[in-house]
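Colleague: I am new to this structure and would like to go through its open spaces with you. Could you put it on the screen?

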Amino acid sequence: MDDVRRWQVPGRVNLIGEHLDHNGGAALPIAIDRSLLVKARRRTDGTVNVWSRGERASFPVETVPGDVSDWSAYPAGVVWALRESGVPVTGADLVLESTLPVGAGLSSSAALTCGVALALDDLAGAGRPREELARVAQRAENDYVGVPTGLMDQYAVLFAQEGHAVHLDFGVDPPSAEPVPADWGDDGLVLAVIDTGVHHELAAGEYAERRRECAAIASELELSALASIGLDGLLSLTDETAKARARHVLTESTRVRGAVTALRRRDWAQFGAMLTSSHESLRDDFAVSCEELDVAVDAALASEALGARMTGGGFGGSAIALMRPEQVDRLRARVEAAFADRSWAAPTVFTVRPSPAAALLP
Ligand code: ADP
Ligand code: MG
């Protein structure tokens, strides 16, 4: 079995800068120590087999959008997008093993698409740059699976650094990625994740709707992307909903800059305050939170978190909280009780560390 190549691919948590990637703005994710392992072996018969979570998917390398619609659309989409970009895929056996919760807003989808893209690029000896593989992975989700995601998740998975957050700027092409030390651990703090366990049906539709709203406002203001909006532009908007959406994009962009500064200064009170106001903006102005996320954030703040917010696209998934480790058990008890009171299924609470990007294992 020495022809098997193994890729370890992390999930991600976005610290701040939500819904800005599709607006030409910034984000500040970390890769996390929950990951997907992709074991890959080349085939030459034009068949791709993928084993994951007790199931096997099989499809020809000539697959095109519309062929499959279950989870195998993710790897099949990567095969399609890679071939479209000129990488010769002759077939493969892929075994996926994951410690990353699926559908929890921690980007299991980008871990899968980026991991499969890296593995197949490697088997083909193509050596495409990671910027290009990020686009391939995005194309697989957008045009094969049919989910209109931005590029943040793929960039987090492919460009993160251990012990660092990565400051991404989607206002330039290709996006820039600058590491920023994320060493709250040295100051005795941890980052807790509260996986609400819910994923509301309206998530994909509302995500697409927010993208459309933002694009329409940008075009009304004759901006190439909404993240370049200024106060004058915001004040010139008359529609209250449009104004609220634009206010999130403007204030969130400012918060990302503040958070980067706070991170560099290890000013955790300031950093935490940015997290919490980001959540309020996503809840009130951008309207992408949900009851479960709000309850999780409130439980974190009641457990003396320095700051807490939903992370990812919204309508379910996970929230994060920066806190002292001795408060994590209290948070777990509090959020479990709050969920039980509402007859919701129990959430999961765990801590994560800023971890390395996807890498080939020796
Ligand atoms: P997230 O990326 O936040 O985890 P998504 O809804 O974007 O949530 O992606 C989840 C989907 O990705 C799953 O429903 C499944 O189709 C696919 N997926 C992710 N990880 C795996 C895996 N390890 N095995 C099979 N399918 C997976
Ligand atoms: Mg995803």
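Modeller: Here it is; please keep in mind that this is a predicted model. Let us begin with the lining of the largest pocket, whose residues divide into 15 nonpolar, 19 polar and 7 charged.

Colleague: How many residues line the largest pocket, and which lie nearest its centre?

Modeller: The lining has 41 residues, and those nearest the centre are Tyr74, Gly103, Ser109, Glu141 and His199.

Colleague: And what is its volume?

Modeller: The volume of the largest pocket is about 1,100 Å³.

Colleague: What takes up the space of the largest pocket?

Modeller: Ligand 1 does: the space it takes is the largest pocket.

Colleague: Which residues come nearest to ligand 1?

Modeller: There are 14 residues around ligand 1, and the nearest are Ser52, Gly103, Gly105, Ser108 and Ser109.

Colleague: Let us take Ser52. Which atom of ligand 1 is 2.6 Å from its side chain?

Modeller: A nitrogen atom of ligand 1, and the distance is to an N or O atom in the Ser52 side chain. Gly103 has a backbone N or O atom 2.8 Å from an oxygen atom of the ligand, and a polar backbone atom of Gly105 is 2.9 Å from an oxygen atom of ligand 1.

Colleague: How much of ligand 1 does the protein bury?

Modeller: Taken alone, ligand 1 exposes 560 Å², and the protein buries 81% of that.

Colleague: Which helix gives the most to the shell around ligand 1?

Modeller: That is H2, residues 108-123, which gives 3 residues to the shell. By class, the shell has 7 nonpolar, 6 polar and 1 charged residues.

Colleague: Changing topic: how many cavities of 30 Å³ or more are found in the whole structure?

Modeller: The search finds 1 cavity of that kind. The largest cavity holds about 60 Å³ of space.

Colleague: Which residues line the largest cavity?

Modeller: Its lining consists of Arg42, Pro88, Val89, Thr90, Gly91, Ala92, Leu120, Leu123 and Ala124. They divide into 6 nonpolar, 2 polar and 1 charged.

Technical notes: Residues are numbered from 1 along each chain as its sequence is written. Chains are lettered from A and ligands numbered from 1 in the order in which they are written. This is a predicted model: local features need pLDDT of at least 70, side-chain atom pairs count only at pLDDT 80 or more; totals for chains, interfaces and linings use all residues. Side-chain values use heavy atoms; hydrogens and water are left out. A residue is near a molecule or strand if one of its heavy atoms lies within 4 Å of it. A polar contact is a pair of N or O atoms within 3.5 Å; within protein, one must be able to donate a hydrogen and the other to accept it, and residues adjacent in sequence count only if both atoms are side-chain atoms. Accessible areas come from the Shrake-Rupley method with a 1.4 Å probe; for residues, only the protein chains shown count as cover. On a 1 Å grid over the protein atoms alone, a cavity is a set of points where a 1.4 Å probe fits but cannot get out, and a pocket is an open set with protein on both sides within 12 Å along at least five of seven lines; lining residues have an atom within 4 Å of a point. A molecule sits in a cavity or pocket if more than half of its atoms lie within 2 Å of its grid points. Helices (H or I, at least four residues) and strands (E, at least two) are DSSP runs, numbered from the N terminus. Ala, Val, Leu, Ile, Met, Phe, Trp, Tyr, Cys and Pro count as nonpolar, Asp, Glu, Lys and Arg as charged, and the others, Gly among them, as polar. Grid points are joined across faces, edges and corners, and a volume is the space filled by probe spheres set on the points.
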